[in-house]
Structures are given as C-alpha cells and as structure tokens.
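Welcome to this short briefing.

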Amino acid sequence: MTRPRLLVLSLGGTITMVPGEGSGIAPKLGAAELVASVPTLAEVASIEARSPLRVASPSLGLAELVAVAAEIEAGFAAGCDGAVVIQGTDTIEESAFLLDLLVPGEQPVVVVGAMRGATAPGADGPANLLAAALVAASPEARGLGTLVVLNDEIHAARFVQKSHTALTSAFASPGFGPLGLVAEGRVRLHARLPRLPTLPAAAGAPAPVALLRMAMGEDGRLLPTLPGLGYAGLVLEGMGAGHVPAGLAPLLGDLAQRMPVVLASRVAAGPVFTKTYGYAGAEIDLIGRGLVPAGLLPGLKARLLLGLALRPGAPRPVGEAFLPYQ
C-alpha cells in the first residue's frame, strides 16, 4: 500500500530547543532532525521535511504564517495528503486558527509542539510529532481543517487554547473539549466540525488590529488614540458576556464610527451575548453603537479574523466575516 505524503514544516519552538552557549535552551533543530529522531514516522508516511524558520513562537509574525499557509496550499496542489506544522506552544492557538482561515481543501493541517525541550527528561516532542503525523495522514481527519495535536489529544483550531504554562497537558478546548485522541497508534475521533469559509492567503498579511482587555475601573483613555497609531480595527475583550463600564460606551460608539470594533469576551468559554442585557455598556447598548459581536471567538482569534477581513480587497463586510462564529 502506498504511504500518504506529508509536508512537515518546522518553524522552531521548544520542541526544537537544546542547550546553547549561554543559559537556557534555544531553537536549533530543524524539521529533518526532528523527523529522523522518530524512526516510526517512516512507517506512517512519506515525509518532505522543510525548516522555513527556527525561532521561538513569540517572534513569529503574521506575514510569516501567511507564507506558511501558501506553502501548505502549494504542497497540497503538488499531491501532499496532509501537512504538519511544528512550532512553539506559546502561539499555537493563534497560528492554528490563522491556518484554518487561510488553507482551503480537505487535506488536514496539524499544528504540533512540545512543552519540554528536546534534551529534557521525558521530552514530549517525539510522541507529539508521531501523533500529529498519524492524524495528518489519517483519512478520518480530512475535511476538519486545521487541528492541534499535543498530549495525544486532537483539538479544533477554532476552540483550542493554551491553559497551563508547564504541564504537558497544557492544551484544552474550553466549553467543547477535544475532537478525539490518538491511542494505540490509531486516530479516534468522537466529534466532527464542518469547515467554515476560508480566506485567500494570496491577499497578504492581516491588517494591524489592536486587542484590549477590559478590567474593573478601566477609563478607556487608550481608545481615542488607536486610529492615530495606525490600527485598522479593534477587538475588545469585554467582561462577562460582552460588557464594559458604562462610561466607556460613548467612547466605543465614537470609535466604531472611525474603525471596525469587534466585541469579544475575556472569559475562557462561551459566546458574546447579543440580546440579554440592556444597561449602558452591556451588549445590546454596544452593538447598537456599532460594535460587532465576536460570537464564540476569543479575543486572540477574533483579532486574526478581523485583520484578514480588513485586508485590501476583502470580499465581504466585517460583520459577515463573524457570522459563522455566532
């Protein structure tokens, strides 16, 4: 039987890190070295390994991820059956969602990393990489878009979040749970999600979007400065189901006349409400002033979608881009 073809792209991250000349660990290993360290991968798929970057994930840029999306799309057009993207865990939830928005087609994209460096006792990178390859090569994963696989759990890009700074079980999908798991070398899915509309990678990197989180006593002094700082839009993480101090509502209404403002929640799970609370600064008031509800998307992911929707030549209004997530 012909083995599936997988494109493996390594961007860096803890999974690639080993001790350097100074203190601590730093990204050094490339895709070929990581693949070679897991001989069982040769039984899973025929692998094309590339290393576009070797950086810690906080230094990944949006334009670089758009380029990764284009490289994956080209790999699929050349006959690859799936793709694995290796990177640091700090920004996996953002990278995965961006790839989910940009890479069309049925072939799965799996983003993977590790919580422990390559030379640490109990390093989780090899097991995570093997599980990711199994998922990317599995016919069962087709049509699910971009997935995140760590600790043998399979998460949907739109829901996954990093929930702990240290544990190998750091990733969760609050309010939803994982789509499945890898056990005994087999992909076991217990839920499926339909693909949502994708946007073209060829249109370039997302426009710059500010992300602000509401806190008790916030006076909103930053809000009027945002257009002058070059931001194209704002994602606001409100309290609860999408609420702000009453005094900020007029400021946000004025800002929404100058740039798109998306209302998300600072809470880990649950949708932004649209028609329950009617007091000043609550969701009914804010939406009436022109804010766009983010639905189920947390602020980090709403920022990426808004940035893509604001690129030159965007095919639809901002509000329509968020409708599938309501």
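How do the residues of the lining of the largest pocket divide into nonpolar, polar and charged? They divide into five nonpolar, three polar and five charged residues. Keep in mind that this is a predicted model, where local features need pLDDT of at least 70, side-chain atom pairs count only at pLDDT 80 or more, and totals for chains, interfaces and linings use all residues. Residues are numbered from 1 along each chain as its sequence is written, and side-chain values use heavy atoms, with hydrogens and water left out.

**The largest pocket**

- A pocket here is an open set of points on a 1 Å grid over the protein atoms alone, with protein on both sides within 12 Å along at least five of seven lines; lining residues have an atom within 4 Å of a point.
- The largest pocket has a volume of about 200 Å³, where a volume is the space filled by probe spheres set on the points, and grid points are joined across faces, edges and corners.
- Its lining is made of 13 residues, and Q161, R213, E237, P298 and L300 lie nearest the centre.
- The elements giving two or more residues to this lining are β9 (161-162), β13 (209-213) and α8 (299-309); helices (H or I, at least four residues) and strands (E, at least two) are DSSP runs, numbered from the N terminus.
- For the classes, Ala, Val, Leu, Ile, Met, Phe, Trp, Tyr, Cys and Pro count as nonpolar, Asp, Glu, Lys and Arg as charged, and the others, Gly among them, as polar.

**The cavities**

- A cavity is a set of grid points where a 1.4 Å probe fits but cannot get out, and there are two cavities of 30 Å³ or more.
- The largest cavity has a volume of about 120 Å³.
- It is lined by 14 residues, with A268, A269, G270, L296 and P298 closest to its centre.
- By class, this lining has nine nonpolar, four polar and one charged residues.
- The second largest cavity holds about 60 Å³ of space, and its lining includes D100, L144 and R195.

**The nonpolar cores**

- A nonpolar core is a set of buried Ala, Val, Leu, Ile, Met, Phe, Trp, Tyr and Cys residues joined through side-chain atoms within 4.5 Å; buried means under 20% relative accessible area, found with a 1.4 Å probe on protein chains only.
- The largest core has 51 residues, and I72, L99, V262, L305 and F322 have the most contacts inside it.
- Helix α4 (residues 92-102) gives the most to this core, with seven residues.
- Another core lies apart from it, with 33 residues, among them L6, A133, L147 and L179.

- The 16 residues of helix α3 (residues 62-77) should span 22 Å at 1.5 Å a residue, and the end C-alpha atoms are 23 Å apart, which agrees; the expected span is 1.5 Å times one less than the number of residues.
- L65, V66, V68, A69, I72, G75 and F76 are buried in α3.
- L65 counts as buried because its relative accessibility is 4%.
- Leaving aside neighbours within four places in sequence, L65 is in contact (heavy atoms within 4.5 Å) with residues including L11, S95 and L99.
- In helix α4 you will find D100, which counts as buried at 10% relative accessibility.

Technical notes
Buried means under 20% relative accessible area, exposed over 50%, partly exposed in between (1.4 Å probe, protein chains only).
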